[in-house]
Amino acid sequence: MNKLHLSASLLAACLLSACTTAYGPRSLTEGTSLTATREKMGPPTSETPLPDGGRRVEYARGPMGKHTYMLYFDANNSLQRWEQVLDENHFNTIRSGMTAAEVHAIIGHSTNKYTTGWTKQVVWTYRFETPFCIWFQVGMDMTESTVIDTAYGPDPMCEGRDNFRL
């Protein structure tokens, strides 16, 4: 098999596998079962039981994705609603003193973490849709249990690019 045929075969396989799960929940309707959601969207990033007997199901898309979907199911495992949470409205609700669990409940799990020596923080980062080359950062204490501060900063993916402008 020549290189062209091999490349075309690999591309076709990738496209077929991409079609087996949906990227986002747009095609899901209210009342869709949790089982049907998993069949359509694949395994979730996390699931959290809610006090009312329902559950919040997180679908982070990436590893460098700019979308995280939170789907809310009632006690009967029927979809009630969903939202895309990686946006400034959600980020602006994160406050100093919040717990890691509270941050996860609002904007999901970070796709990247790094430690700073000078401030003694673990920084959780979140890429999101924006015309600027920035990401949202949550500074956690060293135990990753409490928010110290938040900020928007330059996304390192843009280093060396000419498109970073504020």
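Biologist: Where should I begin with the sheets, and over how many bridges do β7 and β8 pair?

Modeller: Strand β7, residues 134-140, pairs with β8 over seven bridges, in the antiparallel sense. One of the pairings to look at is that of Ile134, whose bridge partner in β8 is Pro154. Keep in mind that the model is a predicted one.

Biologist: Which strands make up the open sheet, and in what order?

Modeller: Four strands form the sheet, in the order β5-β6-β7-β8, with antiparallel pairing. The edges are β5 (112-116) and β8 (147-154); each has a single partner strand, so one side of each is left without a neighbour in the sheet. On average, neighbouring strands here are turned by 25 degrees against each other, direction ignored.

Biologist: Which strands does helix α4 lie across?

Modeller: Helix α4, residues 100-107, lies across β6 (121-126), β7 and β8. The helix runs at about 10 degrees to β6.

Biologist: What joins β3 to β4, and how do the two strands run?

Modeller: Strands β3 (residues 67-73) and β4 (residues 79-84) run antiparallel and are joined by five bridges. Phe73 has Leu79 in β4 as its bridge partner. The two strands form a hairpin with five residues between them. In the turn, Asn77 has a positive phi of about 60 degrees.

Biologist: Now the charges. How should I read a salt bridge, and how many are there by the rule used?

Modeller: The general idea is that side chains of opposite charge can pair when their charged atoms come close. In this model the count comes to five salt bridges. Among them is the one between Lys113 and Glu144, with the closest N and O atoms 2.9 Å apart. Lys113 lies in strand β5 and Glu144 in the loop between β7 and β8, so this pair ties together parts that are 31 residues apart in sequence.

Biologist: Which residues are linked in a network of salt bridges?

Modeller: Arg38, Glu47 and Arg55 are linked in that way.

Biologist: Which partner does Arg81 meet in a salt bridge, and over which ring does its charged end sit?

Modeller: The side chain of Arg81 meets that of Glu83 in a salt bridge of 3.4 Å, N to O. Arg81 is partly exposed, with a relative accessible area of 44%, and Glu83 is partly exposed at 22%. The charged end of Arg81 also sits over the ring of Tyr72, 3.9 Å from its centre. In another such case, the charged end of Arg61 sits over the ring of Tyr23, 6.0 Å from the ring centre.

Biologist: How many aromatic pairs are there by the rule used, and which residues do ring pairs link into a cluster?

Modeller: The count comes to eight aromatic pairs. Ring pairs link Phe91, Tyr126, Phe128, Phe136 and Tyr152 into a cluster.

Notes: Residues are numbered from 1 along each chain as its sequence is written. This is a predicted model: local features need pLDDT of at least 70, side-chain atom pairs count only at pLDDT 80 or more; totals for chains, interfaces and linings use all residues. Side-chain values use heavy atoms; hydrogens and water are left out. Two strands pair if DSSP finds at least two bridges between them. Axes are lines fitted to C-alpha atoms, for helices over the stretch in contact, and angles run from 0 to 180 degrees between N-to-C directions. Contact means heavy atoms within 4.5 Å. A salt bridge is a side-chain nitrogen of Lys or Arg within 4 Å of a carboxyl oxygen of Asp or Glu. Buried means under 20% relative accessible area, exposed over 50%, partly exposed in between (1.4 Å probe, protein chains only). Rings of Phe, Tyr and Trp (its six-membered ring) pair if their centres lie within 6.5 Å; planes under 30 degrees apart count as stacked, over 60 as edge-to-face and the rest as tilted. A charge sits over a ring if NZ of Lys or CZ of Arg is within 6 Å of the ring centre and within 35 degrees of the ring normal.
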